[in-house]
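This report goes through one structure in sections, with the criteria stated as they come up. Sequence and coordinates are shown below.

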Amino acid sequence: MNDFLGALVAAWQLVLSGDPTLIGIVSLSLSVSLTAVLLASVIGLPLGAALAVLRFPGRNAAVVVVNALMGLPPVVAGLFVYLLLSRSGPLGSLGLLFTPTAMVIAQVVLVSPIIAAVARQIVEDFWLEYRDLYILDGTSLVRTVSSLLWLGRFSLITAVLAGLGRAAAEVGAILIVGGNIAGVTRTMTTAIALETSRGDLSLALGLGIILLSLTLAINATAQFVRNTDRAAAV
Amino acid sequence: MTAWAWVRLCAASCLLLATPVAVAQEPFITVASTTSTEESGLFGYLLPAFTKTTGIQVRVVAVGTGQALKIGERGDCDVVFIHDRPAELAFVERGFGIDRQEVMYNDFILVGTEADPAHVDGGEDIVAAFRMIAETKAPFVARGDDSGTSKAEMRFWKEAGIDPKSAGAGWYRDTGSGMGPTLNTAAAMDGYTLSDRGTWLSFKNKQHLTIVVEGDRRLFNQYGVMLVNPQKHPHVKRDLGESFIDWLISPDGQRTIAGYKINGTQLFFPDAKGSPS
């Protein structure tokens with residue numbers, strides 16, 4: 001029990017101390033994950049909606065691929081982006097490896113399929129319900145997709161939150177492309193991995209408690225927004 | 001507030017949060033190094049002194065020696081700072097590294113549980129101890145990650161005439177992880193493991209583990225530093241990287257290395273050629 005108590009004490013002391021290193025790590029974690037989720041939503045939501053609406057040969061295969069990519073191991077995504085951004089790789093001249101930008105790219109690769117897959121399912125349900133109306137009106141694809149995304153906006157928050165959960169929790173991809181450099185690419189999860197390596201288990205779990213609290217706060221905010229907006233919409 | 005207003009607010013705050021990402025940087029170099037230098041806390045002590053003197057930031061990517069060399073080979077860092085002399089010399093030989101300098105040393109130790117099932121405690125012969133562990137089939141936790149420590153361990157098994165990976169019986173556990181995780185595993189299963197002294201001294205989850213064998217001449221652990229060859233990778237920051245190497249082997253840098261202590265114990269011993277120590 002001492003370990004868990006120690007972790008709670010460590011977490012509490014860290015928060016109270018207002019340690020600038022901790023603040024740097026937390027804000028880097030948030031900015032990387034939120035930016036990645038924003039970009040992944042811009043990619044994943046329209047992609048998912050288009051997959052729901054369009055009928056084309058190989059559509060089933062495309063749906064299976066997107067669904068399967070939800071299970072993309074972070075280490076593999078990290079390795080893929082590493083080889084892409086390495087100086088010896090195709091995008092090496094950009095010099096992006098071991099920067100926060102590289103971590104954002106890796107997380108976009110991880111998160112986009114999750115948002116697209118969940119969005120596809122949600123939008124498809126609406127599409128089946130209202131398909132005849134859209135077809136009667138002769139609405140264009142772009143208008144149909146944006147209108148369906150708007151209709152499903154409350155449910156789609158879940159898709160975005162699922163993506164955020166993945167981004168905030170993963171360590172494998174950002175460790176490879178970010179390098180866990182102190183003050184530059186060290187995030188909550190890579191710091192937890194490092195402190196575990198150093199055998200400081202209380203501090204590691206303490207950081208974990210802080211990370212979990214942040215995730216909880218973000219989800220609670222999303223729930224609040226959904227409830228107030230739904231009340232306003234009805 | 002409508003949903004779109006919320007979305008716009010979120011988007012705006014994301015962009016705001018992301019701005020530090022794009023802020024102009026001070027001069028910096030990227031150094032690929034080993035977990036032992038990072039996890040022992042040496043870099044946290046050493047690098048601020050260098051940055052204060054020169055204004056150059058050092059970004060350390062701490063991985064196993066094998067991976068550090070790979071990062072250097074691909075041109076993804078400016079300087080490599082590791083501990084595996086044969087691999088370092090091969091790296092220079094193949095034209096990937098230049099200007100190799102020896103910086104400091106510490107030593108490897110054999111760590112085991114106080115119960116000492118292989119009866120090796122107090123010995124000074126690392127190869128004899130490895131033989132005893134194999135004979136008694138006492139659990140041994142191995143790095144298995146192509147690190148400098150892992151390569152040293154494999155040399156000792158070879159000298160003992162034992163191939164632990166084909167020994168079977170499950171006493172040899174290859175974890176494929178860094179020194180800290182390997183020590184965590186050894187602590188949890190009361191196993192033996194080979195560690196560098198720096199990581200061991202700063203490791204906080206020792207439980208029943210203690211040093212059982214130390215002081216063998218073969219446990220000497222030399223650290224070397226080298227610049228990634230700018231002729232292979234033109235973007236390498238030659239001047240900044242060289243000033244880092246020069247500082248490490250300067251009297252000032254060597255004194256700083258000697259000054260790093262945990263509970264009064266010195267972790268690394270400077271031995272650059274021409275240094276006063």
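Is Leu72(A) buried or exposed, or partly exposed?

## Leu72 of chain A

Leu72(A) is partly exposed, because 18 other C-beta atoms lie within 10 Å. The scale is as follows: a residue with 20 or more other C-beta atoms within 10 Å of its own is buried, one with 12 or fewer is exposed, and one in between is partly exposed, the C-beta atoms being placed from the backbone.

Leu72(A) sits in the loop between helix H3 (59–69) and helix H4 (74–85) of chain A. Leaving out residues up to four places away in sequence, Leu72(A) touches Ala77(A), Leu110(A) and Pro113(A); contact requires C-beta atoms, placed from the backbone, within 7 Å. Leu203(A) is 131 residues from Leu72(A) along the chain, and their C-alpha atoms are separated by 30 Å.

## Basis of the model

This is a predicted model, in which local features need pLDDT of at least 70 and side-chain atom pairs count only at pLDDT 80 or more, while totals for chains, interfaces and linings use all residues. Residues are numbered from 1 along each chain as its sequence is written, and chains are lettered from A and ligands numbered from 1 in the order in which they are written.

## Chain A

Chain A has 10 helices and zero strands; helices (H or I, at least four residues) and strands (E, at least two) are DSSP runs numbered from the N terminus. The C-alpha trace of chain A spans about 65 × 50 × 30 Å along its principal axes. Of the 234 residues in chain A, 44% are buried. Contacts between residues at least 6 apart in sequence join residues at least 24 apart in 79% of cases in chain A.

Helix H7 (residues 153–169) of chain A has 17 residues and reaches 24 Å from its first C-alpha to its last, close to the expected 24 Å. The expected span is 1.5 Å times one less than the number of residues. Buried residues of H7(A) include Leu156(A), Val160(A), Leu164(A) and Arg166(A). The buried residues of H7(A) pack against helix H2 (20–53), helix H5 (100–137), helix H6 (141–151) and helix H10 (201–233) of chain A.

## Chain B

Chain B comes to 11 helices and 12 strands, and 45% of its 277 residues are buried.

In chain B, the axes of helix H6 (residues 126–136) and helix H7 (residues 148–159) come within 9 Å and cross at roughly 75°. Axes are lines fitted to C-alpha atoms, for helices over the stretch in contact, and angles run from 0 to 180 degrees between N-to-C directions. H6(B) is therefore roughly perpendicular to H7(B), a term for angles of 65 to 115 degrees. Ile126(B), Val127(B) and Phe130(B) in H6(B) meet Phe156(B), Trp157(B) and Glu159(B) in H7(B).

Helix H3 (residues 42–54) and helix H10 (residues 238–249) of chain B pack at an angle of about 115°, with their axes 11 Å apart. Phe50(B), Thr53(B) and Thr54(B) of H3(B) make the contact with Ser243(B), Phe244(B) and Trp247(B) of H10(B).

## Where the chains meet

In chain B, 29 residues are in contact with 25 residues of chain A. On the chain B side, helix H1 (3–18), helix H2 (35–39), strand S2 (57–63) and helix H8 (179–189) each supply at least two residues. H1(B) gives the most, with six residues.

Note on methods:
Parallel < 35°, antiparallel > 145°, perpendicular 65-115°, else oblique. Contact = placed C-beta atoms within 7 Å.
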